[in-house]
Amino acid sequence: MGFYNKLFGRNKKQEEVKEEIILEEKIEKVEGTEKEIEIKNRIEVPIKEEIFAEEKKEIIENKLKPEIIEVIQETLEEKEIEEVKEEKNEGFFTSLKEKLFRTREGLFGKIKNIFSGRTVIDEELYEELEDLLIQSDIGMDMTVKIVNALEKEVKSKGIKDPNEIYSVLKEVMSKFLIDGENNLDIRDGELNVILVVGVNGVGKTTTIGKIAKKLKNSGKKVIIGAADTFRAAAVEQLEEWGKRAGVEVIKKEEGSDPGAVVYDTIQVGINKKADVVIIDTAGRLHNKNNLMKELEKINNIIIKKLGHSRYESILVIDGTTGQNGLTQAKVFNEATKLTGFIVTKLDGTAKGGIVFSISEEIKKPIKYIGVGEKIDDLREFNTKDYIEAIFD
């Protein structure tokens with residue numbers, strides 16, 4: 001039985017129609033709580049034109065009956081449960097596949113096409129594959145490794161049909177992604193530090209905010225340190241994310257010593273028995289020596305305060321920048337021994353090959369990938385899910 005049948009019965013009389021009007025008008029007049037606004041947005045009651053304006057006014061002044069409110073709440077709860085079930089059933093893989101539509105349809109759609117329609121496996125096929133991989137920002141060195149590994153695998157399996165190569169390529173490329181170390185190393189009962197580095201414009205500040213919110217939602221006490229003291233906007237953005245996530249942000253005035261912010265942040269974390277401290281850093285590559293000195297100083301402060309060198313040092317890279325991202329990774333890995341990467345904006349590129357280059361070249365795992373603006377669009381990286389999402 002539908003909502004209104006359940007509430008008013010199938011054969012409505014005028015008095016019952018009046019109750020509908022009460023419900024609708026009261027909802028329209030509601031301003032305030034999110035629940036009331038939700039009710040207004042999600043329940044529609046048809047207006048019966050035969051009810052005169054004066055009679056309608058009289059009805060509006062009445063109060064909603066308790067049984068009407070009860071049915072509204074019951075109906076909303078049922079809808080919410082159904083929506084949650086649908087969301088869970090959709091699953092991470094389906095959602096990720098949709099987010100990486102451009103990469104799948106762009107690069108890997110073209111790659112699949114070079115195998116179809118052929119009758120022989122020859123050098124021309126592998127040359128075409130090389131060209132497409134290079135165009136995808138995988139880079140020359142990485143491309144050579146992939147194609148050589150593919151040729152060996154094809155020969156060892158005795159494959160003669162070109163159409164069977166695509167699935168083999170999928171297996172080969174997945175082996176170049178580091179697996180099993182993709183989760184952040186967060187240990188219970190101690191203060192965990194996550195140092196986040198990266199050039200300006202890659203989405204570093206936003207990524208820090210999203211990580212903080214995720215950790216807070218998982219029950220961790222989180223504190224953010226705004227050590228990018230050279231860019232005022234970075235501190236303001238972190239403060240905004242701090243408000244959203246409900247976490248404290250430690251800062252100093254613009255131009256202050258970043259090391260002092262790191263020291264204070266860790267000390268606050270110790271004093272307040274925090275689980276995680278996340279530290280933002282300045283992202284400037286125009287002077288490599290200054291960058292390395294600054295990060296070396298920050299690393300020394302972290303080690304001294306913690307009493308050990310076991311902490312996360314994560315590089316954030318814009319997935320749309322291609323091989324430039326690999327160059328950044330090499331420079332930052334020299335300045336601070338990286339423990340992993342976060343690749344952002346992968347939903348905005350038809351290439352996405354940088355994921356493979358970085359993983360193989362620097363030999364560090366990818367911790368997260370960014371596939372959109374929402375908090376849930378920062379995804380924990382899983383090799384199997386990623387490969388399944390980009391291969392058609």
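In this predicted model, K99 is partly exposed, with a relative accessible area of 29%. Its salt-bridge partner is D377, and the closest N and O atoms of the two side chains are 3.3 Å apart. D377 counts as buried, because its relative accessibility of 5% falls under the 20% limit.

The residue L100 lies in the loop between helix 5 (66–99) and helix 6. L100 is buried, with a relative accessible area of 1%. Apart from neighbours within four places in sequence, L100 is in contact with L346, V371, Y386, A389 and I390.

Helix 6 (residues 101–115) packs against helix 9 (residues 165–174) at an angle of about 135°, and the two axes are 9 Å apart. Helix 6 is therefore oblique to helix 9. On the side of helix 6 the contact is made by F108, I111, K112 and F115, and on the side of helix 9 by I165, Y166, L169 and M173. By class, this contact has seven nonpolar residues, no polar residues and one charged residue.

Eight strands form an open sheet with mixed pairing, in the order 3-2-4-1-5-6-7-8. Strand 3 (248–250) and strand 8 (378–380) stand at the edges with a single partner strand each, so one side of each has no neighbour in the sheet. Neighbouring strands are turned by 25° against each other on average, direction ignored. Strand 1 (residues 192–197) and strand 4 (residues 276–280) pair in the parallel sense over five bridges. L195 has I279 of strand 4 as its bridge partner.

Helix 11 (residues 232–245) lies across strand 2 (222–226), strand 3 and strand 4, and runs at about 170° to strand 2. K204 lies in helix 10 (residues 204–217). Although a lysine, K204 is buried, with a relative accessible area of 4%. Beyond its neighbours within four places in sequence, the contacts of K204 include V196, V197, G198, D228, D280 and T281.

Helix 15 (residues 354–362) is mostly covered, eight of its nine residues being buried. E360 is one of these buried residues. K363, which follows helix 15, has a positive phi near 60°. E360 and K363 are linked with K145 in a network of salt bridges.

The whole structure contains 19 salt bridges. Among them, E239 and K251 meet at 2.6 Å, N to O. E239 is in helix 11 and K251 in the loop between strand 3 and helix 12 (258–271), so this pair ties together parts that are twelve residues apart in sequence. E239 is partly exposed at 27% relative accessible area, and K251 is partly exposed at 44%. The side chains of D318 and K345 also meet in a salt bridge, at 3.2 Å, N to O. D318 lies in strand 5 (residues 312–318) and K345 in the loop between strand 6 (340–344) and helix 15, so parts 27 residues apart in sequence are tied together. D318 is buried at 8% relative accessible area, whereas K345 is partly exposed at 34%.

Definitions and conventions: Residues are numbered from 1 along each chain as its sequence is written. This is a predicted model: local features need pLDDT of at least 70, side-chain atom pairs count only at pLDDT 80 or more; totals for chains, interfaces and linings use all residues. Side-chain values use heavy atoms; hydrogens and water are left out. Axes are lines fitted to C-alpha atoms, for helices over the stretch in contact, and angles run from 0 to 180 degrees between N-to-C directions. Helices (H or I, at least four residues) and strands (E, at least two) are DSSP runs, numbered from the N terminus. Angles under 35 degrees count as roughly parallel, over 145 as roughly antiparallel, 65 to 115 as roughly perpendicular and the rest as oblique. Contact means heavy atoms within 4.5 Å. Ala, Val, Leu, Ile, Met, Phe, Trp, Tyr, Cys and Pro count as nonpolar, Asp, Glu, Lys and Arg as charged, and the others, Gly among them, as polar. Buried means under 20% relative accessible area, exposed over 50%, partly exposed in between (1.4 Å probe, protein chains only). Two strands pair if DSSP finds at least two bridges between them. A salt bridge is a side-chain nitrogen of Lys or Arg within 4 Å of a carboxyl oxygen of Asp or Glu.
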